[in-house]
Amino acid sequence: MNKVVYMDYAATTFVKPEVLEEMLPYFTEKFGNPSSFYSISRDTKMAIDKGRQRVAKALNCEASEIYFTGGGSEADNWAIKGIAFANKNKGNHIITTKIEHHAVLHTCEYLEKNGFEVTYLGVNKEGFIDLDELKNAITDKTILVSIMAANNEIGTIQPIKEIGEICRERKVFFHTDAVQAVGNIAIDVKDMNIDLLSLAGHKIYGPKGIGVLYIKKGIKIDNLVHGGGQERARRAGTENVAAIAGLGKAIELATVNLDKHAKKLTELRDKLIDGLLKIPYTRLNGPKGEKRLPGNVNVCFEFIEGESILLMLDFEGVCASSGSACTSGSLDPSHVLLAIGLPHEIAHGSLRLSLGDGTTEEDVEHVLRVVPPIIQRLRDMSPLWEDFQKRGEK
């Protein structure tokens, strides 16, 4: 194996050289604690301010509405728990969906154990919520709606602006997990009526361990991390200055080249989807076209297990996944695939290929060469495939 084809950009991305260059000084000569008063701390304070301004520009909000976190999961936790506990005098009802990232789902489950009620909206076979169902789910006790902008497994892009309008009309806070969306589709928190938004640096060619929570000015929210007065007394802990600088540069690069980036990935994505669907008994999970993330491909191959596909792809130099990286160790089928109506036996045969800045047409062609024989080999070893053929249903 000589060639390595990375197709798991939804799990994480490499750090771009320009981003790393921006970060390096804050590991060495510019190491001052931003909370200190001496001169060498001024550079680190300025780096944080610059990073905050870059993120604010990308989201079309004020710099004072941007708060740095330890990642996307922390931002999700803070948004949901913070709103719930700060506004429990107004109500105890939260609405989310069955296909959210586990950072949202597990946080909601935690709140259910602490006196809150949660409605989990279903989705259709392409992963979209029903806006009328959302409207009907809102009650006078609803304080928060949390719906992801784009799904990390099947690439479905939700109608975020319309969801925001519904929440605004009903005077309910709206949080969106935009970890997969930022850098892939345009996000404007004002135009989309978003009150809180989560994002992560390592999904947009920035460093790991840094994220953002956008909190619209005037929103009452409890702190998640207590201690010092950092982040305007909202999030304690000495700031990760190098990572903040890197995130700021990464989101600037991601948004300035957004259209070009999306066009390239969409063309490669569609070529990959068309090629994979030529394999018999293969289905695409999620929508086609512009309502799907530009770099997302998710298919199910009937009669085989996704984990076996990954092992054989790895032998061929292809890095892929069967779903979310956060649950890759689980033997259970994807909760997202079950939510869109797939039976367990088909959901187990899923493959997610996510494309990014380093993906080339040659990479796509390599995958299309190696996947069909892998699928055939695995089916030849599968008792499910053997039974299917014996029934004469091929």
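Modeller: The questions and answers below go through helix packing, salt bridges and a few single residues of this predicted model.

Biologist: Which residues of helix H10 are buried?

Modeller: Helix H10 runs over residues 306-315, and what covers its buried residues includes strand E10 (296-301), strand E11 (318-319), strand E12 (350-354) and helix H13 (361-380). The residues of H10 that count as buried are Gly306, Ile309, Met312 and Leu313.

Biologist: How wide is the arc that they cover around the axis?

Modeller: The buried residues in question are Gly306, Ile309, Met312 and Leu313. They are on the same side of H10, because the arc they cover around the axis is only 125°.

Biologist: Which exposed residues does the face of H10 turned away from its buried side carry?

Modeller: To be called exposed, a residue needs over 50% relative accessible area. On the face of H10 turned away from its buried side, the exposed residues are Leu311 and Phe315.

Biologist: Which residue with a positive phi follows H10?

Modeller: The phi of this residue is near 85°. The residue that follows H10 with this positive phi is Gly317.

Biologist: Are H9 and H13 roughly parallel or roughly perpendicular to each other?

Modeller: The axes of helix H9 (residues 258-276) and H13 come within 10 Å and cross at roughly 10°, and angles under 35 degrees count as roughly parallel. The contact brings Leu268, Lys271, Leu272, Gly275 and Leu276 of H9 against Glu361, Val364, Glu365, Val367, Leu368 and Val371 of H13. H9 passes H13 in a right-handed crossing, and the two helices are therefore roughly parallel.

Biologist: Is the crossing of H2 and H8 left-handed or right-handed?

Modeller: Helix H2 (residues 42-59) and helix H8 (residues 241-256) pack with their axes 8 Å apart and at an angle of about 30°, and they are therefore roughly parallel to each other. Among the residues that meet are Ala47, Gly51 and Ala58 in H2, and Ile244, Gly248 and Thr255 in H8. The crossing of H2 and H8 is left-handed.

Biologist: Which residues are linked with Lys50 and Arg54 in a network of salt bridges?

Modeller: The structure holds 17 salt bridges, and Arg54 of H2 is also one of the residues in the contact with H8, as are Lys249 and Glu252 on the side of H8. The residues linked with Lys50 and Arg54 in the network are Glu22, Lys249 and Glu252.

Biologist: With which residue does Asp8 form a salt bridge?

Modeller: The closest N and O atoms of the pair are 3.2 Å apart, and the pair links distant parts of the chain, with Asp8 in the loop between strand E1 (5-6) and helix H1 (17-23) and its partner in strand E12, 344 residues apart. Asp8 counts as buried at 12% relative accessibility, and Arg352 also counts as buried, at 1%. The partner of Asp8 is Arg352.

Biologist: Is Asp357 buried or partly exposed?

Modeller: Asp357 forms a salt bridge with Lys16, in which the closest N and O atoms are 2.6 Å apart. This pair links distant parts of the chain, with Lys16 in the loop between E1 and H1 and Asp357 in the loop between E12 and H13, 341 residues apart. Lys16 is buried, with a relative accessible area of 15%, whereas Asp357, with a relative accessible area of 29%, is partly exposed.

Biologist: How many residues apart in sequence are the parts that Arg168 and Asp195 tie together?

Modeller: The side chains of Arg168 and Asp195 meet in a salt bridge of 3.5 Å, N to O. Arg168 is partly exposed, with a relative accessible area of 35%, while Asp195 counts as buried at 6% relative accessibility. Arg168 lies in helix H6 (residues 160-169) and Asp195 in the loop between strand E6 (173-177) and strand E7 (196-200), so the separation in sequence is 27 residues.

Biologist: Which residues does Gly91 touch, not counting residues up to four places away in sequence?

Modeller: Gly91 lies in the loop between helix H3 (72-86) and strand E3 (93-97), and at 8% relative accessibility Gly91 counts as buried. Leaving out residues up to four places away in sequence, Gly91 touches Phe116, Lys141 and Ile143.

Note on methods
Residues numbered from 1 in each chain as written. Predicted model: local features only at pLDDT ≥ 70, side-chain atom pairs only at ≥ 80, totals over all residues. Heavy atoms only, no water. Helix = DSSP H or I, 4+ residues; strand = E, 2+ residues; numbered from the N terminus. Buried < 20%, exposed > 50% of the residue type's maximum accessible area, 1.4 Å probe, protein only. Contact = heavy atoms within 4.5 Å. Arc of directions from axis to C-beta. Salt bridge = Lys/Arg side-chain N within 4 Å of Asp/Glu carboxyl O. Axes fitted to C-alpha atoms, helices over the stretch in contact; angles between N-to-C directions. Parallel < 35°, antiparallel > 145°, perpendicular 65-115°, else oblique. Left-handed = near helix turned anticlockwise from the far one by under 90°.
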